[in-house]
Amino acid sequence: MSALTSSPAWQNLQKHYDANKDVQMRDLFAHDPQRFQKFSLEFDALLLDYSKNRITEETLALLLALAKERDVPGWTKKMFTGEKINLTENRAVLHIALRNRSNRPILVDGQDVMPEVNAVLDHMKTFSQAVRSGAWKGYTGKAITDFVNIGIGGSDLGPVMVTEALKAYSKGGPKAHFVSNVDGTHIAETLKTLSPETTLFIIASKTFTTQETLTNAHSARDWFLAAAKDEKAVAKHFVALSTNEKEVTKFGIDPANMFGFWDWVGGRYSLWSAIGLPIALSIGFENFVELLEGAHVMDEHFLDTPPEKNLPLLLGVLGVWYNNFFHARTHVILPYDQYLHRFPAYFQQGDMESNGKGVTRDGISVDTATGPVIWGEPGTNGQHAFYQHIHQGTQLIPADFLAPIETQNPLGEHHLILLSNFFAQTEALMKGKTATEVRKELEKEGLKDDALEKLIPHKVFTGNRPTNSILFPKLTPRTLGLLIALYEHKIFTQGIIWNINSFDQWGVELGKQLAKAILPELEKPGTITSHDSSTNGLINRFKEYRAAHGLGKQ
């Protein structure tokens, strides 16, 4: 057994689980009219209701004891003070510095990082305001009407999610487009509707060597120059989010339009940095600052608030409860707001790239489950797709429900219908429907005898399915900042408890390495025999087809 699973706090939780695993939430609510008051918290614009969980006050105390034993508060302070907690890369983890609106000094190797952070923010402000105001002109003297962000992973998912979530605030800005997939279809379809005269390209690659991003960037450059003819015009239509000035300049981008960031900015935490330039272009720099401020407020809450009132920490330990004791292998995020339709996908990367680890910080294989599979879609779409599995399937799937009280688009009864479903689904998942209740319903419908008895099992809902509900007044930039930071710190909490490094991602490397070796094999003639029989067979089938049909490089 590991230090985690043999620890007193873990063993106490295991005993508690064994004694209480069959507890019914229906009974917990029936026996305690104050359950909502006991298991809900309000902070800033957020209301977190976690009363529909399979927990008692004892459960919560034991979970918080585990967080204390694993020193979550101590590791939190290490992160906030610039210690190099990303052990495998010897790096600090300071996305919190990017939104440090109090501007207190944060040191890395004895140097305060805040002056550089503020300098990049000032650069972003000046540039985004020039583009949005029309002062920035393209090569024919026309203002920018569209921008295309070319990136992948964190250089794409964060800006996409936020610009979609805050689309209601994009008035007056250029239209946003995003290209990430190296599949040529993505860039080709994006460019079809654009004009070279009025399009700005943002190339987001820290090293300016990312294969997918640079392939798309060169295709965009070729498309642009086919119209502009003059390579000097590239500087008016391409900017870089990068630290590689040599390659940026070689591409034709003016180094003055290069926006830098630092090795302590992880990709999946980078939207707060220069990678957020598309956000500032879309919604305006003032709203980008509101986003930063919301996240900063949540940072301070996570750092300073006692565990029993600490929203990220509570969500973190609840996730451990289900993942490690109930063996729930997935967790679903269900925003009841169409603007948040990319929120689950964003935290697929945020959570699974962070905590999808099989060894501890000490390099020892873990002996318990770590990060769950994260997935989700907006309600009510999901209700007509996968909710069947959540309600009546054999797997326990904890769920987070998020919703604004006020819609950005008041239209008839739309929002009331949407929220009625939000409230109904969490109640249904908690209560379920017993055989007795089903029988009474069917008898009222006139069903009886064998037909009635045969149908009953199919209409029973076991209930007792856990959910968290997060309500907020309205989806604003500040509120979105609160929500993103909430989930970031939840992920951090779980990583500390599991004793894993949540800030590296070596698992993405092997496929990249092999792809670089395979690419020249696809381009040269001849049969390939250097791999296993499956890979050889697939490559050779691909090459045979292309040769037979006269296909060159595509």
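Let me begin with the largest pocket, which is lined by 44 residues, with Thr 210, Gln 505, Val 508, Glu 509 and Lys 512 lying nearest its centre. A pocket here is an open set of points on a 1 Å grid over the protein atoms alone, where a 1.4 Å probe fits, with protein on both sides within 12 Å along at least five of seven lines, and lining residues have an atom within 4 Å of a point. This is a predicted model, in which local features need pLDDT of at least 70 and side-chain atom pairs count only at pLDDT 80 or more, while totals for chains, interfaces and linings use all residues. Residues are numbered from 1 along each chain as its sequence is written, and side-chain values use heavy atoms, leaving out hydrogens and water.

The largest share of that lining, six residues, comes from H22, a helix spanning 509-523; helices are DSSP runs (H or I, at least four residues), numbered from the N terminus.

Buried means under 20% relative accessible area with a 1.4 Å probe, protein chains only.

Finally, Arg 70 sits in the loop between helix H4 (57-69) and helix H5 (72-80). Arg 70 is buried yet lacks a salt bridge, that is, a side-chain nitrogen of Lys or Arg within 4 Å of a carboxyl oxygen of Asp or Glu; Glu 69, the nearest side chain of opposite charge, is 5.2 Å away, with Arg counted as positive and Glu as negative.

Key: Helix = DSSP H or I, 4+ residues; strand = E, 2+ residues; numbered from the N terminus. Buried < 20%, exposed > 50% of the residue type's maximum accessible area, 1.4 Å probe, protein only.
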